[in-house]
Amino acid sequence: MTDTPVLEMRHVDKSFGPIDVLHDISLKIRAGQVLCLLGDNGAGKSTLIKTLSGVHQPTRGEMLLDGKPVSFANPKAAQEMGIATVHQFGGTYPLMSVGRNFFAGAEPTIGFGPFKFFDRVTANRIAVEQLHKMGITRITDGDRIVGGLSGGERQSLAIARAVYFGARVLILDEPTAALGVKQAAHVLRIVNEAKRRGLAVVFITHQVMHAMAVGDDFAVLIRGKVAASFAKGEKTREEIADLMAGGESMAELEADINAQEEAA
Amino acid sequence: MAKTTSNEKQSQGGFSILSLFRRPEAGAAAGFILIFLFFSIFGWEKNFLTALGSSTWLNFASKVGIIAIPVGFLMIAGELDISIGALIPAGGIVMALAVGIYDMNVWVACGLSLAVAAGIGFINGWLVTRTNVPSLIVTLATLFVIAGLNAYLSKQIAGTTQHSMPDVGPVSEYLLGDYHNLIFTSGDREMVIFRSLQSSFFIWIVFAVVCFYVLHLSPWGNWIFAMGGDQESARNAGIPTRRLKIALFMLSAMAAALVGMSEAVLANTASTTTQFGMIFNTIICVVVGGVLLTGGFGTVTGTVFGTLTFGIVFQGINFTTFDKDLNLLFIGVLLLVAVLMNDTFRNLATSASTTKKK
């Protein structure tokens, strides 16, 4: 595998009018690796994702796709270049079947001329196959309504869909935030599977445990800046948590709270 | 989507009553059967079940039904269209003026009327997609604008608000607005299949079949559901949400104009009176038919059943000994019961759409 990152940000700034949101962000996203973006609420994670996925354009700095400068006019353009974003519950329609969800906007059809029929059988078969490949074996019927699936399964469906439609970079926006422990583990396995298939994954989270489980590279975002970036194994969980809290040590915080409780 | 669910299940694990109930149109169908039986019993002596009696409510239902289906599409897509109340008379007036004043061929006039309606529908859709103003407000505004134009232009051009519509020839009458009978006679015995059914009833059936194809069999139906389920995701998935929504507004406007034309040809007159009642009628039919008010869910079959139910309740009271003043009360109760039932059926559909695998 070459060393050129699939997607790279070089000294990217983003401001909305007078308000600076991102300062001097440089990131490298490599194929077959998971880059974890960590940060507290308001650290600029959403803006960063939106810049990566073409919703916003950088104010300064450049973005490179396969080493060549690139700019995305809109999310569609980014998608066509293989950058897929999966939001927390985005991309799934609760009252539609698994097969219909999977192919929304790209339906397989049979028939001729203007008489096109949605090919339900093929859609269901492929959807279930892809889900099984991703390790979701509980779903065997493509006619199942997505609203009846668990949060993790819905998340997995969205990821499987992005992979199937040729994504090279997978941006996962807080995929585990609203999930229980088991469900989160499920999604993390899928992230690993995507990585194993050679996708470049950007994994946004504020749960250090989840990041540690799948991440190869880490970047901690504080107030729009990359406060620290490091590779797997270079920092312990406590150190990362402290970084995210803005340098304030969690241990100190705990001691403070304990002291208060004793005093009371 | 739903139709197939139960087929699959039957092939997997034999026939199950529960799977039948899980079909989204089950509620509407059950409601229709109950209401039909009820009025068949209480309307027996006043000929509810005869061919002529059935035509009374089928004719009424067909006009509501032609508009209710595209209004249902819009509701699935998360929008409403109430401007249809003024588009019904507009459709009739444009045709009557084109034929009566400008001596146009009836089919040219028909095309013109549809084109005018399509234009108004386009404006509705364009305003809704560009401004993000709720479609209720946008179409409320266009409802009054068109109602005003109906009256003003009628007076300016023809000097009246009641246009007489000349006879448009047997073939056009036959297709657009006439009474149809199908009676087999052998000797002095006769078997009546139907009597005095209006053309609009047959238009409704054909239209419903086409719409069923669009919503449930074609890929576009998938887009409509996706758009109503989550518009943002649908757009991200590459579905042209704006164009699709505008097309749906155009469809409902044209359907309304078609009903207006059918009425004008049948009665040989077109009036500017805005049909406010039809606005509520179509929405009731769609909701009774199981379409989710918040979008993302619904069926054409359900809407058809909802319309039939509504037609019976609206007209059927004349066949019973109940006081006619209770009519609206019945409809209100029907709507409430339907909404509650739909909720239950929908929960069944999402909670366990297939047999649990353990």
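Housekeeping: I'm working on a predicted model, where local features need pLDDT of at least 70, side-chain atom pairs count only at pLDDT 80 or more, and totals for chains, interfaces and linings use all residues. Residues are numbered from 1 along each chain as its sequence is written, with chains lettered from A and ligands numbered from 1 in the order in which they are written.

Entry, strand. I looked up S3(A), residues 34–39 (strands are DSSP runs of E, at least two residues, and helices runs of H or I, at least four, numbered from the N terminus). Because 6 of its 6 residues are buried, S3(A) is largely enclosed by the rest of the structure (buried: 20 or more other C-beta atoms within 10 Å of the residue's own, with C-beta atoms placed from the backbone). Val34(A), Cys36(A) and Leu38(A) point one way, and Leu35(A), Leu37(A) and Gly39(A) the other.

Entry, neighbours. S3(A) runs parallel to S10(A), residues 200–205, with 5 bridges, and Val34(A) sits opposite Val201(A) there. S11(A), residues 217–222, is also parallel to S3(A) and joined by 5 bridges; Leu35(A) has Asp217(A) as its bridge partner.

Entry, helices. I checked H5(B), residues 84–100, against H7(B), residues 135–158: their axes come within 8 Å and cross at roughly 25° (axes are lines fitted to C-alpha atoms over the stretch in contact, angles running from 0 to 180 degrees between N-to-C directions). So I noted H5(B) as roughly parallel to H7(B) (angles under 35 degrees).

Terms used:
A residue is buried if 20 or more other C-beta atoms lie within 10 Å of its own, exposed if 12 or fewer, and partly exposed in between; C-beta atoms are placed from the backbone. Two strands pair if DSSP finds at least two bridges between them. Angles under 35 degrees count as roughly parallel, over 145 as roughly antiparallel, 65 to 115 as roughly perpendicular and the rest as oblique.
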